[in-house]
Amino acid sequence: MKLFTLGPVEMYDHTFEVAKKQVPYFRTPEFSEVVLECDGLLRKFAKAGSDAKTVFLTCSGTGAMEATVINCFDEKDKLLVIDGGSFGHRFAQICEIHGIPHDVIKLPYGTALKKEDVYAFDGKGYTGLLVNIDETSTGQLYDGKMLSEFCKKNGMIFVVDAISSFLADPIDMEDWGIDALIFSSQKSLALAPGLSIVLLSSRMYTERVQGKPAKTMYLDFNSHIENGKRGQTPFTPAVRLIYELQDMLRHIDAMGLESKLAHMKEVADDFRARLAETPLSLPEYPLSNAVTPLYFPDGNAYEVYETLKKEYDVFVTPNGGDLAKTVIRVGHLGNHTVEDNKMLIDLFKKVLNR
Ligand SMILES: *Cc1c(COP(=O)(O)O)cnc(C)c1O
């Protein structure tokens with residue numbers, strides 16, 4: 001089986017070695033050390049600075065998005081949400097459910113987010129921006145620097161869902177002034193699903209979280225941060241995933257973050273270059289290294305997805321709704337090489353030539 005999906009993704013052999021062990025009891029100094037080591041490496045890779053706070057949550061990425069919104073904002077805020085696909089839309093739904101005032105920048109499918117789209121909301125009293133920096137449903141990578149400047153100019157809190165982008169595209173929490181960075185185990189970390197992490201800037205912590213009662217028990221950042229000081233969590237964490245995480249972060253640290261990012265870029269660029277051998281085409285907007293959306297001119301995207309699954313045990317990522325027939329997405333996260341790209345392109349050629 002080979003996964004070109006967007007979570008879970010193709011995992012590494014060293015992760016399977018960790019995953020086959022007994023899950024230990026975790027209220028111990030030994031486990032605390034593992035958590036604290038993960039905390040340090042995550043802050044290093046996110047360029048988060050030494051005052052940043054790390055929250056380890058046992059939930060999927062959406063849980064971490066919701067936790068961030070309810071711990072950091074309330075009905076006195078006025079948020080701006082970039083709704084450029086299903087994940088951006090999810091942020092808007094979360095604000096809706098929790099009664100947090102917000103407006104959306106709705107991007108029509110296939111269009112790039114432009115500076116003018118964002119600056120139309122300049123100087124209008126917004127208190128925060130919520131963005132999925134790679135909108136995984138379309139693969140569009142937004143301009144983090146431009147959004148960062150907009151937030152700085154307007155004194156806005158900057159929340160970045162980097163669930164598919166962290167460790168696939170360059171990101172710099174301090175330089176961009178990111179106040180909350182969200183990511184999950186099953187995407188670029190290439191681990192099993194169930195662990196999500198939020199890094200908070202010291203400004204976010206002191207101004208928005210510290211001492212503020214949260215309207216949630218399970219997802220309360222204050223209790224997570226208090227327990228986190230000694231490398232613990234308030235409730236049973238995804239213990240096995242924390243060990244998978246420690247192992248993965250050590251591997252990335254050994255190869256160097258820059259090499260990891262260079263590899264991700266090489267694999268994504270290589271795949272896109274090989275598309276010239278096929279009738280498939282790319283969108284016009286900027287793309288994340290995490291995923292390549294492909295247009296099928298003959299409207300047979302879904303059939304190709306099914307054929308690859310049934311006959312070759314190869315999984316690409318289908319689209320839903322209106323785009324099911326014309327678009328599939330190829331994920332590059334996890335254990336992928338240019339050899340895998342070659343194999344997939346050859347399969348596309350074979351199936352499309354039938
Ligand atoms: C995968 C993903 C999520 C979260 O999805 P879950 O199914 O809840 O893990 C959120 N945002 C983005 C950008 C994603 O890629």
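**Entry 1: the ligand**

I began at K187, where a side-chain N or O atom sits 2.7 Å from an oxygen atom of the ligand. I count a polar contact as a pair of N or O atoms within 3.5 Å; within protein, one must be able to donate a hydrogen and the other to accept it, and residues adjacent in sequence count only if both atoms are side-chain atoms. Before going on, I note that this is a predicted model, where local features need pLDDT of at least 70 and side-chain atom pairs count only at pLDDT 80 or more, while totals for chains, interfaces and linings use all residues. Residues are numbered from 1 along each chain as its sequence is written, and side-chain values use heavy atoms, with hydrogens and water left out.

Next I looked at Q186, which has a side-chain N or O atom 2.8 Å from an oxygen atom of the ligand. For D161, I found a polar side-chain atom 2.6 Å from a ligand nitrogen atom. How much of the ligand's accessible area does the protein cover? I read 88% of the 380 Å² that the ligand has on its own (Shrake-Rupley method, 1.4 Å probe; for residues, only the protein chains shown count as cover).

**Entry 2: the shell**

I listed 13 residues around the ligand, the closest being S60, T62, T136, D161 and K187 (near means a heavy atom within 4 Å). By class, the shell has three nonpolar, six polar and four charged residues. Here Ala, Val, Leu, Ile, Met, Phe, Trp, Tyr, Cys and Pro are nonpolar, Asp, Glu, Lys and Arg charged, and the others, Gly among them, polar. Helix α3 gives the most to this shell, three residues. Helices (H or I, at least four residues) and strands (E, at least two) are DSSP runs, numbered from the N terminus.

**Entry 3: the sheet**

I traced an open sheet of seven strands with mixed pairing, in the order β2-β10-β9-β8-β5-β3-β4 (two strands pair if DSSP finds at least two bridges between them).

I then checked β8 (residues 157-161) against β9 (residues 180-184): they pair in the parallel sense over three bridges. V160 stands opposite L181 in β9.

**Entry 4: M204**

I ended in helix α8 (residues 202-209), which holds M204. Is M204 buried or exposed? M204 counts as buried because its relative accessibility is 0% (buried is under 20% relative accessible area, exposed over 50%, partly exposed in between; 1.4 Å probe, protein chains only). Its C-alpha atom is 5.5 Å from that of D179, 25 residues apart along the chain.
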